[in-house]
Amino acid sequence: MTDAVRDRAGSPLGGPVAERLPPRLLCWFAFAVFAVLCLALRGDEKWLVGYPRGWEIPLIDWLEAAMDWFTAHFKPVFRFISDVLEWPMKGLLGVLHWLPWPATIGIVAVVAYAAKGWRLAGFCTAALLYMVIVGYWEESMSTLALVGMSVPLSLLIGMTLGLLGFQSRWARRVIEPMLDVMQTVPTFAYLVPILILFGIGPVVGMVASAIYASPPVVRNVMLGLGRVPDNVIESGQMSGCNGFQLLFLVRIPAATHTIMIGVNQTIMAALSMVIIAAIIGGFADIGWEVLSTMRKAQTGQSLLAGLVIVLLAMMMDRISRGFAERTGEIHLARTGHVLNRHPYLSAMVAATGIGIVLAAVFPAFERYPEAWVYYPAEDLNEAVGWFTRNFFETTDAIKTYTLYFFMLPMKAGLERIARPTSWGFEFKEAADAIYYWALAIGVGGLVALFANWRGVVTYGLLAVLFFYGASGTPWPVFIAAVTLIAFQVGGWKVALFAFLGMAFILTTGAWSRAMLSFYLTATSVIVCFVVGGSIGVWAAQNDRVSAIVRPINDTLQTMPLFVFLIPVIMVFLVGDFSALLAIIMYSIVPAIRYTEHGLRHVDPVAVEAARMMGCTERQVLWRVKLPLAIPEIMLGLNQVVMFALAMLVIAALVGTKGLGQWVYDALTNARFGQGVIAGGSMALIAMIADRIIQAWASQKKRDLGLAA
């Protein structure tokens with residue numbers, strides 16, 4: 001059989017069936033038989049599509065009862081903690097509101113200059129002046145007070161857990177999965193138990209932020225301390241340092257740069273969380289201003305308030321990043337006068353004094369006069385109205401075609417969506433036969449062109465999903481498909497985790513909502529992966545495109561989640577399509593960045609070898625660079641999935657259904673059990689996707705010889 005053609009798995013296509021078919025493909029044949037059986041019986045056996053309520057575990061009721069008992073016995077303790085935390089926060093809020101706005105601007109400008117020079121100082125000054133001029137100074141200071149209290153609390157929690165995880169291997173085994181859960185549970189779900197225990201008020205935002213924003217510091221502390229060079233540690237030991245001194249005088253200073261990167265991420269997470277905490281009310285900050293104007297459909301007001309959030313996020317991101325970049329610099333000790341020894345502190349004291357004096361002499365410097373406020377909200381509303389009236393046909397056509405020809409088939413299935421008014425035909429028996437014939441022809445074409453059974457399986461799964469929809473696919477088929485994928489890319493441990501996670505979602509009554517969330521996440525991920533990957537390829541091939549895309553990516557990554565809803569609601573109103581656009585805007589950045597990074601860091605030896613063999617640039621891209629960059633591209637896909645799920649709960653504010661809406665409803669009605677099930681289900685979806693994609697990326701690295 002010397003002339004036998006072998007497929008990519010190495011199996012000959014000649015000979016007996018058992019010899020020519022790889023074992024993995026045989027598993028998919030068995031799955032196909034099982035899937036056809038379930039699909040054929042789903043009309044008669046309704047339980048195959050809708051899991052019976054009588055089979056569900058009443059976990060929500062059990063959790064509610066446990067929370068009622070816990071609240072009855074420990075609520076006074078948490079209320080006492082709330083009162084204790086409220087004192088310093090009210091003190092900081094009072095200071096920020098008392099300080100004249102020129103003094104605050106001067107202090108921030110000095111801090112920005114210390115972080116990264118005059119350009120950042122000028123940007124921060126302009127950003128704060130915008131908040132003054134549009135009349136959002138008081139609300140901005142309230143938000144700044146929340147962040148100013150939540151970040152130190154996050155750093156305290158993060159440093160403690162990070163040091164504990166570094167010092168103890170057993171503690172690390174507990175902390176790392178806990179961090180996975182904390183970073184995948186939706187942000188709204190954090191607020192449900194905190195709201196019940198701490199009550200309504202600004203402390204809820206602070207505590208929720210401290211919990212939500214601490215994982216980056218924990219991870220970076222463990223990572224940074226573990227990467228301290230051995231020669232640095234040996235120098236400390238030779239100097240006579242004991243264990244305590246070695247940790248705090250050697251390891252932590254040497255790991256400062258890595259830790260500061262975690263601090264930067266913590267600040268951004270804290271800012272994002274305190275905005276979300278505004279949903280429960282009780283605090284007049286900029287987050288509440290955005291939320292209230294969005295609910296009233298006041299587009300201009302939402303834009304102006306949303307821009308404040310963006311500017312605050314960009315300021316904090318650039319200042320903290322500037323200090324992180326400067327941690328490796330060597331500074332000579334200054335001597336002499338106090339102004340020379342502490343120039344930045346002296347400048348901040350001087351800025352405060354000058355601001356207070358100016359406010360005492362000129363009342364306008366104490367409180368910005370309302371007559372000087374420039375608030376162009378009505379002008380923006382008129383501009384939005386003009387755009388909506390003149391481009392309604394175009395935007396409505398985009399929305400309608402995307403819904404009918406892409407989103408709704410993924411949601412409910414082509415068999416239920418195809419109607420003569422939209423698709424030009426209605427699925428009957430003949431149309432069903434045509435669809436399956438087209439599916440068979442497509443499978444045959446893939447086999448003939450590529451001889452790749454994995455591509456055939458992927459095509460078949462997507463075709464079935466498009467025909468029956470996420471809500472119409474029998475749950476045994478879905479669970480079996482995901483479990484089989486997990487087993488083939490990650491082994492039995494990943495498969496068992498995926499199966500148990502989906503079983504939890506199914507038996508606790510969250511399956512139908514989870515499928516709605518899956519449909520919206522899947523459609524968003526597909527668009528992000530295709531569009532973002534294409535932009536990433538373009539940017540990797542063209543330095544000018546890369547230079548244009550980079551600041552856009554930076555801006556999108558610093559914008560809090562709420563802000564993405566404003567422009568899409570402005571143009572497309574509420575609904576699934578608006579949610580899709582908001583998720584795409586937030587989630588597309590990793591697809592662009594990881595694709596460009598992977599292509600730019602392909603081994604130049606492999607590229608040069610391909611060119612020497614006569615490959616064109618297109619062949620080099622498609623046959624060398626992209627295959628070698630697949631592990632990095634898959635990590636980008638992993639991040640896209642995580643970002644899309646994080647945005648899913650925010651998308652519930654524009655009328656989407658699914659787990660996100662269930663979490664939001666649990667927050668509104670203070671239902672702990674429902675919040676745990678909904679948030680836990682979203683976390684499980686995220687972790688299942690994460691483990692499968694990570695295993696796939698690791699497998700591709702091994703196949704390409706990029707990992708041991």
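Figure 1. Of the 708 residues in the protein chain, 48% are buried (under 20% relative accessible area with a 1.4 Å probe, protein chains only). The accessible surface of the chain comes to about 34,700 Å² (Shrake-Rupley method, 1.4 Å probe), and carbon and sulfur atoms account for 66% of that surface. The chain has 32 helices and zero strands (DSSP runs of H or I with at least four residues, and of E with at least two, numbered from the N terminus). For contacts (heavy atoms within 4.5 Å) between residues at least 6 apart in sequence, 77% join residues at least 24 apart. This is a predicted model, in which local features need pLDDT of at least 70 and side-chain atom pairs count only at pLDDT 80 or more, while totals for chains, interfaces and linings use all residues. Residues are numbered from 1 along each chain as its sequence is written, and side-chain values use heavy atoms, without hydrogens and water.

**Figure 2. Helix H17, residues 343-361.** From first C-alpha to last, the 19 residues of H17 reach 27 Å, close to the 27 Å expected (1.5 Å times one less than the number of residues). Buried positions in H17 include Ser346, Ala351, Gly355 and Ala359.

**Figure 3. Packing of helix H24 (residues 492-507) and helix H32 (residues 672-703).** The axes, lines fitted to C-alpha atoms over the stretch in contact, come within 10 Å and cross at roughly 160°. H24 is therefore roughly antiparallel to H32 (angles over 145 degrees, between N-to-C directions). The crossing is left-handed (near helix turned anticlockwise from the far one by less than a right angle). Among the H24 residues that meet H32 are Phe497, Gly501 and Phe504; residues on the H32 side include Leu684, Ile688 and Arg691.

Conventions: Buried means under 20% relative accessible area, exposed over 50%, partly exposed in between (1.4 Å probe, protein chains only). Axes are lines fitted to C-alpha atoms, for helices over the stretch in contact, and angles run from 0 to 180 degrees between N-to-C directions. Angles under 35 degrees count as roughly parallel, over 145 as roughly antiparallel, 65 to 115 as roughly perpendicular and the rest as oblique.
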